[in-house]
Amino acid sequence: MVQTVAAFSSLYLATLLLLVGSGLFNTYLGLRLTAQNVSEVWVGGLIAIYYLGLVFGARIGHKVIIRVGHIRAYAATAAIVTVTMLALVLLDNLWIWLGFRFLAGIAMVTQFMVLESWLNEQTENHQRGRVFAFYMVFSSVGTVLGQLSLSMFPQLNYEPLVFAAVCSALCLVPVALTRRLHPALQMPAPLHAKYYVARVPISLTVLFVAGLIIGAFYGLAPVYALKQGLTNSQVAVFLAVSVATGVFAQWPLGWLADRMPRVGLIRINAMVLAALAIPLWGWWTFPYWALLVFSCAFGILQFTLYPLGAAFANDNVDPDRRVGLSAILYMVYGLGACAGPLIAGYLMRELHPGTYFVFVSVCALVLVASVRPQRVTGANLSEDAPTQFVPMGDSLESSNVVAVLDPRVHPESDVSHQPVDPPEESSAGDENHDGGNGQDDAKRVDPA
């Protein structure tokens, strides 16, 4: 274990610093705008367009890396992210901020692509699961520390921006000084979305709804907490405990997911999530400690939807097409994360802050209605189903390049970039066939 961390210490440290700065900045943005009485729609829009940059920046990032190489691409995009943070000290125009946030999303996903390409290229097959797990842990710890670091700044002035920019600049150091060889340049492979839509429609619905909920959480949960009378430091803890419990809950949940039907576990998760949100609809006022308890419970439920949906999808896709599956899951999840803050922000502006949790309940009820055991026939089960449940951190601030490290993926035999044969595509059937319950130096192909 120590050897694994030591071998990739520079990449892990860069990931940690990157997410500390990003986690702090996103929360700070919501708190500052709310304190200035800016509409929740603007808060949601700034988060949504950032995630849009993360989702669609992969192609641009590939071209930049191919043109100038990994370290130059990383250095240039780190500078862009730092500038977009510091520029907010000088500019107060929200339309300009929208452009900066979209640019920051593109630059940030390029940084993740560089880091993850290095991890993928220089990891032996037998180490992939361990390296993936540590990357997830460092990513999650960075996000939690980013939230908690906001408590060091009781005033919503320029100081949190400077701290986030410092983290963004510091993440350059371990990459610039690394002695690792550049990974091989990868060409993006085409995505055959029609195959995956036909094969795993239920799983894609789970990932989209999970994106709606998580995107709204990062964008509007700080606004909700602030309007409940919490201080800035308390809001930071409110968010951090949710992320932390969501990460730690994945190991016991994984044990359950490997021993009971996954579609049933997803449905139970959604039912509890819908019911848990009802007391927070605005009927009652809760003390700080009670809000923290709710936050922990929500973290367990909302941050485990992605890995549950991914495990369910892997049960129903052949092993040699799972790299492409990871890419399509990431994209659907990201699109949900773009829509979630906008919808929740509009509802909160038109009604009241508690509408945020009404939105959460509605999203959960959509899952209850669409994820039903009656729709599962098992017709598309893969040869190795049930696949291993793999704990995953929040995949919004990442890129799908790291999917190759998933132990369920076999990159040396992956054919996701090849067209699907007509017999295979026709056998996929309609959405009622989404099934499953739950128990080298190869060339890496990235279908971003």
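Guide: Arg372 sits in the loop between helix H17 (355–370) and helix H18 (422–427); helices here are DSSP runs of H or I with at least four residues, strands are runs of E with at least two, and both are numbered from the N terminus. This is a predicted model, in which local features need pLDDT of at least 70 and side-chain atom pairs count only at pLDDT 80 or more, while totals for chains, interfaces and linings use all residues. Residues are numbered from 1 along each chain as its sequence is written, and side-chain values use heavy atoms, with hydrogens and water left out.

Arg372 is partly exposed, at 31% relative accessibility; buried means under 20% relative accessible area, exposed means over 50%, and partly exposed lies in between, with a 1.4 Å probe and protein chains only. A polar atom of the Arg372 side chain lies 2.8 Å from the backbone oxygen of Ala369. That pair falls under the term polar contact, which is a pair of N or O atoms within 3.5 Å; within protein, one must be able to donate a hydrogen and the other to accept it, and residues adjacent in sequence count only if both atoms are side-chain atoms. Apart from neighbours within four places in sequence, Arg372 is in contact (heavy atoms within 4.5 Å) with Val263 and Arg267. Arg267 is 105 residues from Arg372 in sequence, and their C-alpha atoms are 7.2 Å apart.

The next element to consider is helix H13, which spans residues 262–277. The axes of H13 and helix H14 (residues 288–302) come within 10 Å and cross at roughly 155 degrees; axes are lines fitted to C-alpha atoms, for helices over the stretch in contact, and angles run from 0 to 180 degrees between N-to-C directions. H13 and H14 are therefore roughly antiparallel, a label for angles over 145 degrees; under 35 is roughly parallel, 65 to 115 roughly perpendicular, and the rest oblique. Their crossing is left-handed, meaning that the near helix is turned anticlockwise from the far one by less than a right angle, whereas clockwise gives right-handed. H13 contributes Asn269, Val272, Leu273, Leu276 and Ala277 to the contact, and H14 contributes Phe294, Ala297, Phe298 and Leu301.

Cys296 is also in H14. Cys296 is partly exposed, with a relative accessible area of 25%. Not counting residues up to four places away in sequence, Cys296 touches Val241 and Thr245. Ala249 is 47 residues from Cys296 along the chain, with 10.0 Å between the C-alpha atoms.

On cysteines in general, the structure holds 0 disulfides, a disulfide being a pair of cysteine sulfur atoms within 2.5 Å. The sulfur of Cys167 has its closest cysteine sulfur in Cys171, at 8.7 Å, which is too far for a bond. Cys167 is buried at 5% relative accessible area, and Cys171 is buried at 0%.

Asn316 lies in the loop between helix H15 (305–314) and helix H16 (322–350). Asn316 counts as buried, at 0% relative accessibility. A polar atom of the Asn316 side chain is 2.8 Å from the backbone oxygen of Phe312.
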